[in-house]
Amino acid sequence: RLAGLLLVTKFCKPDDHSSLRRVYDAVGSRFLDRLLRTGMGNGTISSGGDNNQDAYLSLSVTVLAALCRVPEIASSEDMNSKIPLILEVMSTRSGSPVIEECCEFLYLVSTASENGITRFYESRGIKILASQLPSLQDGSHLVEISIKLLQLVLSRISFDTIQSDYLSELSVIVAALARLFAVLHNSLKFEALHLLNSILSSTDLSQLHKDLQLRPQDSWSHNIRVGIMAILQNRVAPAERLQALILAESMVSIFGEVWLISQVSTNDTQDPTPADMCLLLVLEQSRVEIAVLLNELAYLKYEAPQDTPATVEAYSLKQRNVAVAYSLVEKIIKLISNVGENDDNLLDDGTLTKLILQLNETIAVVLEYLEDAKEHGQRKGDDLLASVRIIGSYLAEAPVACKEKVQDLLGYMLSIEGADEQRPFNSVCFLLPLLCQITMEVEGCKALVSCGGLKAVLDCLCKLIVSNGFMVEDNVVFMACDTILNLLLKKDEVQLKLDESAFADLLKALAYWSENTKDMQSIMMASSICALIFDYTSEEALLNHPDFNHGTLGSLYQLIARCLASSEQDDKTDMDLHDIISAGEYLCILVIRALKAF
C-alpha cells in the first residue's frame with residue numbers, strides 16, 4: 001500500500017478525478033488515518049515504523065492533498081475531521097517541506113464546503129497561519145496557497161468575528177503581507193494588495209488600527225508605501241492602480257496624511273526614494289481616476305439605460321471609487337495647508353508647485369462635472385455633494401482658483417442636496433470657508449447675493465444653531481456668522497434687498513443661541529449680527545412676521561445689553577465685534593432698547 005501510494009503521488013494527474021477516486025476507495029479512510037497518525041508519532045504501521053516517521057508523514061499529507069482535488073472527497077467528513085491534525089503538524093514542524101502540502105490540503109478542504117472553512121477557523125487555523133506567514137520564502141508556492149487560504153477565510157467569516165478573535169494575529173498578517181507586497185514582482189504582489197485591502201478597508205477597524213500603530217512603522221508601513229509606489233510608477237492594469245489608491249487611503253486613515261511624505265531610512269538601500277515621490281504619484285493617479293470616473297458617472301446618469309441592475313451596480317461601484325480618490329485629494333489639500341501653517345520643510349517649493357498645478361487641473365474637472373449636472377437639472381446626489389466638498393476644501397486654501405467658473409456655479413453648488421437631505425445644508429457648510437473669505441470684498445458679496453446664496457447661508461446658520469449636535473466650538477458656525485456680518489457691513493455697496501422674513505428666523509435662532517451659551521465670543525458674534533440686522537430693518541417690520549414676537553425681541557435686547565456690559569469688563573473682547581455693537585449710531589439705539597428690556 002505504501003509503495004502504491006508513493007506511485008500515486010508521482011504519476012496520478014491532479015485533474016484525473018476518476019483515478020483518484022478509485023485509489024481513495026481502494027485504500028480506505030482508516031488506512032489513511034493510521035498513516036497520518038503514525039507520521040505524527042501517534043501510531044504504528046509495522047515494526048520499525050518509528051524510524052520512518054517523517055517519511056510516513058510526508059507521504060500521508062501528500063496523498064491527502066492529492067485526493068482532495070476531488071471535490072466529493074475534500075468535502076467529506078473524513079477529510080474535515082483531519083483539519084485539526086494537519087494544523088497540529090504545521091504548528092510542530094515549522095520550516096518542514098511538508099508544510100506546503102499541509103496548506104494545499106487545508107485550502108482544498110476549506111474550499112469544498114462550509115463545514116471545512118468552519119472547522120479550519122474553529123481549530124485556530126488563523127493563529128497557525130499567522131505564525132507561519134512571516135517566515136515563508138518570498139514568491140514560493142507556499143506563499144501563494146497561504147494567501148489564497150487567507151482570502152477564503154476573509155470571504156466566508158465575518159471580519160468583525162475575526163478581529164474579535166484574532167486581533168494580534170491580524171496585525172502580524174498585515175505586516176507579513178506588507179513585506180510581500182513590497183518585495184514581490186509577480187502576480188502575488190497583486191494578491192497581497194487585494195488581501196491588504198480586504199483587511200484594511202473593512203469597517204470598524206479602530207481596534208486593529210490601534211494594534212497596527214504599536215508596530216514599528218519603519219517596517220510594515222514603509223513596505224506598503226514602497227509597494228504602492230511600485231504599482232503607480234509601472235505599467236499595470238488600471239484596476240490595480242485603483243486598488244493601490246484604496247490602500248493608500250486606508251494608510252492615510254491610520255497614520256494621517258503625513259504618511260504620504262514620510263521618509264524612512266533603510267539599511268538595504270543607498271539611494272532612498274525621495275520623500276515626496278509617493279505623494280506626487282498618489283495625487284497624479286487620483287487626478288486621472290477622478291477624470292475617468294466622473295466621465296463614466298456622467299455617462300451612466302445621462303446616457304446609459306436607467307434603472308437596470310447593471311447600470312445601478314456600475315454606478316454604485318464608481319461612486320465608491322471616486323469617493324476614494326476625492327478623499328485622497330482632500331487629505332493632500334489638508335497636508336499642504338498644514339505645511340504652510342507650520343512652516344515645515346517637508347515639501348520644497350518645486351514640489352508645492354507640482355501639487356498645486358495638479359490640484360488646479362483636478363478641481364477644473366470636478367467643476368465641469370457639476371456644470372454638466374446643472375445643465376441636466378440634477379441637484380440631488382451624494383456624488384454631487386462630494387464634488388462640492390472637494391471644491392470647498394481646495395477653494396478654502398485658494399479662493400481665487402477657477403474664479404469665473406466658481407462664480408457661475410456658486411448658486412447651483414449652494415443648492416445641491418445629498419441623497420438623504422430634504423434641503424441644502426451640507427453643501428453650504430462645505431462652501432462656508434470660501435464664502436467667508438470672498439465676502440470680505442464687495443465683489444464677493446455681490447456674487448453671493450446675485451446668486452441667491454445669502455438665503456442659503458441664513459438657513460444653514462439657523463440649522464447649525466438649533467440642531468442638537470451644535471457645539472459652540474464649531475468653526476463652521478463662526479464662518480457662517482462671518483459671512484453674514486461681511487454682507488451686512490457692506491449692505492449699501494451691495495444694495496442688499498431682503499425682506500424681514502429672511503432675518504426673522506435667524507434672530508430667533510440667535511436668541512436661542514445666546515440663552516444656551518456662556519461663551520463670550522459666541523455672545524459677541526450673535527450681538528453683532530443682531531445690531532446690524534436692527535440697523536437694516538425695524539422692530540415693527542419684524543413683529544409683523546407671524547413667528548416673531550415681543551418675547552423674542554426682548555431676549556435680543558437683553559443679549560445686546562449683556563454683551564455691552566461684559567465687553568466693558570473684559571479687555572480681551574474682540575474689538576471689531578465690540579465696535580459693531582457700540583460704535584456710532586448703534587450705541588445710542590441699542591442702549592436705549594436694552595434699557596427698555598430691563
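This talk covers side-chain contacts in one structure: salt bridges, aromatic pairs, and charges over rings. A reminder before the contacts: this is a predicted model.

Let's start with charge. How many salt bridges does a search of the whole structure find? The search turns up 22. I'll take three of them in turn.

First example. Lys 82 and Asp 33 form a salt bridge, with the closest N and O atoms 3.9 Å apart. The cut-off is 4 Å, so the pair counts. Where do the partners sit? Lys 82 is in the loop between helix H6 (77-80) and helix H7 (83-92), and Asp 33 is in helix H3 (residues 29-39). That is 49 residues apart in sequence, so the bridge ties together separate parts of the chain. Is Lys 82 buried or exposed? Lys 82 counts as buried, because its relative accessibility is 1%. Asp 33 has a relative accessible area of 23%, so it is partly exposed.

This bridge also belongs to a network. Which residues are linked in it? Asp 33, Arg 37, Asp 78 and Lys 82 are linked by salt bridges.

Second example, further along. Asp 459 meets Arg 423 in a salt bridge, 3.2 Å from N to O. Asp 459 lies in helix H25 (residues 453-466). Arg 423 lies in the loop between helix H22 (403-414) and helix H23 (426-438). The two are 36 residues apart in sequence, so again the pair ties parts together. On accessibility, Asp 459 is partly exposed at 24%. Arg 423 is partly exposed too, with a relative accessible area of 48%.

Third example. Lys 491 forms a salt bridge with Asp 535. The closest N and O atoms are 3.2 Å apart. Here both ends are in helices: Lys 491 in helix H27 (residues 491-494), Asp 535 in helix H29 (residues 520-536). They are 44 residues apart in sequence, so this bridge ties H27 to H29. Lys 491 is buried, at 13% relative accessibility. Asp 535 is partly exposed, at 25%.

Now the rings. A pair of aromatic rings is described by the distance of the centres and the angle of the planes. The search of the whole structure finds three aromatic pairs. I'll show two of them.

One of the pairs is Tyr 121 with Tyr 166. What is the geometry of this pair? It is edge-to-face, 5.4 Å centre to centre, with 90° between the planes. Tyr 121 lies in helix H9 (residues 114-122), and Tyr 166 in the loop between helix H12 (159-165) and helix H13 (167-183). The separation is 45 residues in sequence, so the pair ties those parts together. Tyr 121 is buried at 9%, and Tyr 166 is buried at 3%.

Next, Trp 220 and Phe 255. The ring centres are 5.6 Å apart and the planes are at 50°, so this pair is tilted. Trp 220 is in helix H16 (residues 220-232) and Phe 255 in helix H17 (residues 238-255). The pair links distant parts of the chain, 35 residues apart. Trp 220 counts as buried, at 1% relative accessibility. Phe 255 counts as buried as well, at 15%.

Last topic: charges over rings. The charged end of Arg 1 sits over the ring of Phe 31, 5.0 Å from the ring centre. The charged end of Lys 189 sits over the ring of Phe 181, at 5.4 Å from the centre.

How values were computed
Residues are numbered from 1 along each chain as its sequence is written. This is a predicted model: local features need pLDDT of at least 70, side-chain atom pairs count only at pLDDT 80 or more; totals for chains, interfaces and linings use all residues. Side-chain values use heavy atoms; hydrogens and water are left out. A salt bridge is a side-chain nitrogen of Lys or Arg within 4 Å of a carboxyl oxygen of Asp or Glu. Helices (H or I, at least four residues) and strands (E, at least two) are DSSP runs, numbered from the N terminus. Buried means under 20% relative accessible area, exposed over 50%, partly exposed in between (1.4 Å probe, protein chains only). Rings of Phe, Tyr and Trp (its six-membered ring) pair if their centres lie within 6.5 Å; planes under 30 degrees apart count as stacked, over 60 as edge-to-face and the rest as tilted. A charge sits over a ring if NZ of Lys or CZ of Arg is within 6 Å of the ring centre and within 35 degrees of the ring normal.
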